[in-house]
Structure formats: structure tokens, C-alpha cells
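Let's take a walk through this structure together.

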Amino acid sequence: MTQKIKNICCIGAGYVGGPTMAVMAKYCPDIKFNVVDVNIERIKLWNSHNLNELPIFEPGLSEIINKCRGINLNFSNNIKESIALADMIFISVNTPTKTKGIGAGKASDLKYVESCAREVAAFAKGTTIVVEKSTLPVKTAEVIINILKTAEKNKNDEKTKFHVLSNPEFLSEGSAINDLENPDRILIGGDDQNAILALNKIYSRWVKKNKILHTNIWSSELAKLTANAFLAQRISSINSIGALCEATGADIKEVSRAIGSDSRIGSKFLDAGPGFGGSCFKKDILNLVYLSNYFGLEEVGDFWESVVKLNYWHQHRISQLVVKKLFGTVTGKKICILGFSFKANTNDTRESASIQICKDLLDEGALLFIHDPKVDSKQITEDLSKVKNKNVEKNYSGEWATIKNYMDGCDGADAVLVLTEWQEYSQINWEKVSNKMRKPAWVFDARLIVNAKKVIESNLKLWRIGDGYNY
Ligand code: NAD
Ligand code: UGA
């Protein structure tokens, strides 16, 4: 018989755990959701009265938190109690790339997942469905199952039973709520039919039946890594062609439109930019590279690694280009950076192209004035204060400042560099900006969002990514 789910615990109150449980709580008022985390500060922010202080900015999230928090959605550090109470537990903790030991720099560090499995093994009661929500290497479920099976035996209690499912998350930051409410598909991997049905029943409250896919557990784990690898590959592909456009006089927007009209290629994810960022693309591809090499498939590993290498090269290409256009040196020159998050509509800066490009420019001696509508200056300082260079940590403090009004960053500046596609940057009054800048002054648009005609009419020089037209 399908288990009736009354209490759900989610371990990990991050970019996935928080929004995912919020949407589930919205559609399942009869189920109690306890989102737990070891991070005390993060949980405090999830419980803030002021909804502008939630730890994550996502359009539509605060409205759901306002409606469900304290009713059937709770955030706390009570990990042990919440596990004990739960019929279903989502593991939604971070899975960063290993920094040392076997597989360092490529393989996933599963220490957080393992510690969750051990906590579940220690505190769960009765029959518990354990759901992998984190993105995990293929065969991770085996590790979790082994830890839980040992607990079943050790407890020597007929009633303690675990079923493990894989249910990877495909949301994108900035559109997380919409993605969760209208997913392209829900993927459930596993072999226990009752457990699958129990999770299926939850999603089917708001997701159409034909969008809920069932696979074996290994296919589910691999499909998540593959989806991210394919998406990232498209971005490296379009950025590589963008460089060719600049060299040949072609226009990347026109090329994208032309190839995107082919229904086999499709038009999404073909926007040239400063290179992909975000916490997952690089880490998940490197994980795939590690797995391929582990199984002796080196050519497969090399193929996917080239996607990451191209991205890295592309980010440096942009910073080098800025230096070249500014007469070969930016030492002591003021540059206004527009956008620090890895994409618009999120305050997340993890692996943002802005970090690498700013570091390159700081290395060249530039003075940066950095603006972002949602990223706070503490985060920017944290991201820029350290750079690994031959294992020596280098501190750049004093060579950049964060600004609240981007106009302040344009005062006497030689260049404005648009790195994130925030809507407000597409509406800039370039005449006003131009009046403040030192001439000749440049606008570098790495997102293709500025009004080219207005920039040029304002007596500014313009470079746009993938645009072979010589202004
Ligand atoms: P995150 O770093 O924002 O959140 C993870 C949280 O887990 C942190 O708050 C951390 O304190 C907590 N945590 C770690 N170990 C814990 C433990 N033992 N007990 C309790 N709490 C613990 O990470 P995220 O962005 O939410 O990503 C989580 C997973 O989801 C990753 O595997 C990621 O690859 C995957 N994913 C992320 C996204 C995204 O857009 N960020 C999308 C799809 C999938
Ligand atoms: C990505 C995937 O899109 C999600 O499906 C997945 O769940 C998630 O990773 C994950 O596993 O973490 P996310 O990183 O939030 O989501 O954002 P994307 O919209 O995919 O953008 C990633 C990067 O690619 C950003 O830096 C973005 O600016 C860049 N991008 C995206 C482009 O440069 N061009 C495009 O056409 C699209």
C-alpha cells in the first residue's frame, strides 16, 4: 500500500531546498514541511519578518513564504527532531568539487551527503523514503543505501525501513518558482514502486501525469549531469562562434536566429555572453569528466572537459580585449562594472564570469567600481578578496569599490562593462553617462542588451560580444 506522507524533512536550506519545499508546501497544505540546515545564520534569514531579508532572492518566493511559513512550512536547525518525525526526507545539501585527495578538482565531494545519510540512519523512525535532491555522481545512491541498510540491521528493529529514490532538480536560479510550478519534467528514479508512487502523488498535485518520468536510479542520476553538460555545451558552442563572428564580420545574434530556427537545434540557450557561471555547470561537467576517466573513457572525458576549458578561455578573452581597446593598459584607469551575479534575477555570484573578469582587470591595475542591484558588497568583497595564484592567496583590497548608483561609477571612467543582463542596464541613459566619462570612452556589452544606436549617438565607442561590425 502507498505510504501516506504527513511529514517531510528537507536537509539543506539552500537555493534548491528553500524554493523547492516552499512550492511543495504551497500545493500540499495537508503535509508539514520542515526545512533544516546546520547553518544558523541562514535559518535566521529564512525566518526574518522582513521578507526582503530572505537568504535567497527569487521572483515570487517571498509571496509563498509569506503564505506558508509558520503554517505548513518551517525553517529550523532542529535536524534530529525533523528527521525523526519525517516519512520522507529530501537530501538537498551542496555537492562541491573535491579540493583534495583522489579526484581533486573534478570529482564531487560527497562528505555532506554522507553525513546526511548517517544522520538519517541514526534518527529516522519507521518507514522512511529518502530522496536524493542534490545533484550526485552516478552510483551515489549505492553509498546512501549502504549506510541506511547498516542502520536497519544495527537497530535490529523490524519497523526501521528505508527506500531511496533519485529526484534531481532542474530549476534555474532567477526563474526557480516558475520552473518548480511549471516543470518541463519531474524525474523519479528508483525501484520500490510504493516509494515511487508516494513521491509521484505529491508532484501530481500540480504537475501533469505525462510530465512525471520514471527511470531506474542510475539513469536518473546520470540524466541530471547530462542535462547540465548539454546546456553548458551550447553556451560554449555559441561563445566560440561569437569569437569567430567578431573576427569575420558576422553577427552572433543573426547566426543564433538562423540556427535556432532549425527545430532540431531549437532557439533556447543560444545567447552569447561572458561565459557560463553558476554553482553547477562547471562542477557537474567536471564530475562527468571524472566519471568518464574513472571508467576508462578518456576521450569522452576530454570531450566534456573542452566545454569548461573554452568557457575559461572566453572569460579571459573578454578581459584581454578590454585592456587592448584601452590602449593596451588599464593601470590606474577607472572602469565601471555593471553586474556581478552570474545571471539576472538572482543574488548568487557563484562562479560568476564577473569574478574572473574583475580579477583579470585588477591584475592589470584597473580601478573598478562595481554595481549590482541584488548582490551585496560583502559578497563582492568576499569573492574578490582572494585569488589562487600558484597556491598563494593574493589580496587585492583597495582597488575596487562597490557602488549603489551606477552613475557614480561612470564619473571619470574610461569604460563601462556590462556583465549581467539586469533589465535596468538595458534602459541606461547613455547621454548622461557619456557626459560623465573621460574620452575616448568605451562601452563593452558582454550581454548584448544595450541600445547600440543610443550608445554611439552619445559619443561613446562600443564593443559588443559576437558583433563583427566595426563601430
Ligand atoms: P547551497 O549551498 O545553497 O545549500 C546547501 C545547504 O546545505 C547549505 O545551506 C548547507 O549549510 C546545508 N548543509 C550541508 N550539509 C548539511 C548537513 N549535514 N545537515 C544540514 N544542512 C547541511 O546549495 P544549492 O545551490 O541549494 O544546491 C544543492 C544541491 O542541488 C547541489 O547538489 C546542486 O548541484 C543541486 N542543484 C542546484 C541548483 C541551483 O540552481 N543552485 C539547481 C539544481 C540542482
Ligand atoms: C542551470 C540549469 O539551467 C538548470 O536546469 C539546473 O537545474 C541548474 O543549472 C543546476 O543544476 O544548478 P542556472 O545555473 O541557475 O541553471 O542558470 P542558467 O540559466 O542555466 O544559466 C547558467 C549560466 O549560463 C549563466 O551564467 C547564464 O548567464 C549563462 N547563459 C545561459 C548564457 O550565457 N547564455 C544562454 O543562452 C543561457
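A polar contact here is a pair of N or O atoms within 3.5 Å; within protein, one must be able to donate a hydrogen and the other to accept it, and residues adjacent in sequence count only if both atoms are side-chain atoms. What you're looking at is a predicted model, where local features need pLDDT of at least 70, side-chain atom pairs count only at pLDDT 80 or more, and totals for chains, interfaces and linings use all residues. Residues are numbered from 1 along each chain as its sequence is written, chains are lettered from A and ligands numbered from 1 in the order in which they are written, and side-chain values use heavy atoms, with hydrogens and water left out.

Let's begin with ligand 2. An oxygen atom of this ligand sits 3.0 Å from an N or O atom in the side chain of Ser172. Lys343 brings a polar side-chain atom to 2.9 Å from an oxygen of ligand 2, while for Glu169 it's a polar backbone atom, 3.4 Å from a ligand oxygen. On its own, ligand 2 exposes 700 Å², and the protein buries 90% of that (accessible areas come from the Shrake-Rupley method with a 1.4 Å probe; for residues, only the protein chains shown count as cover). Who are the neighbours? Ligand 2 is surrounded by 19 residues, and the closest are Phe170, Leu171, Glu173, Lys224 and Cys280; a residue counts as near if one of its heavy atoms lies within 4 Å. Helix H9 (residues 217-248) supplies the largest share of this shell, four residues. Helices (H or I, at least four residues) and strands (E, at least two) are DSSP runs, numbered from the N terminus.

Now for ligand 1, which has 28 residues around it, the closest being Asp37, Arg42, Thr95, Glu173 and Lys283. The side chain of Asp37 has an N or O atom 2.6 Å from a ligand 1 oxygen. Thr95 also places a polar side-chain atom 2.6 Å from an oxygen of ligand 1, and so does Lys283, at 2.6 Å. Of the 840 Å² of accessible area that ligand 1 has on its own, the protein covers 92%. Helix H5 (residues 111-123) gives the most to this shell, with four residues.

Next, find the open sheet of six strands, ordered E13-E10-E9-E14-E15-E16 with parallel pairing. Two strands pair if DSSP finds at least two bridges between them. The edges are strand E13 (400-402) and strand E16 (461-464), each pairing on one side only. Neighbouring strands are turned by 15° against each other on average, direction ignored; axes are lines fitted to C-alpha atoms, for helices over the stretch in contact, and angles run from 0 to 180 degrees between N-to-C directions. Strand E10 (residues 367-371) is joined to E13 by three bridges, and Leu368 stands opposite Trp400 in E13. Helix H12 (residues 298-325) packs on the sheet, touching strands E9 (334-338), E14 (415-418), E15 (442-445) and E16, and its direction makes about 165° with that of E15. Contact means heavy atoms within 4.5 Å.

Finally, two loops deserve a stop. Lys439 and Pro440 are joined by a cis peptide bond, with omega about -5°, and Pro440 lies in the loop between helix H16 (430-436) and E15. Glu351, in the loop between E9 and helix H13 (353-363), has phi near 60°, a positive value in a residue other than glycine.
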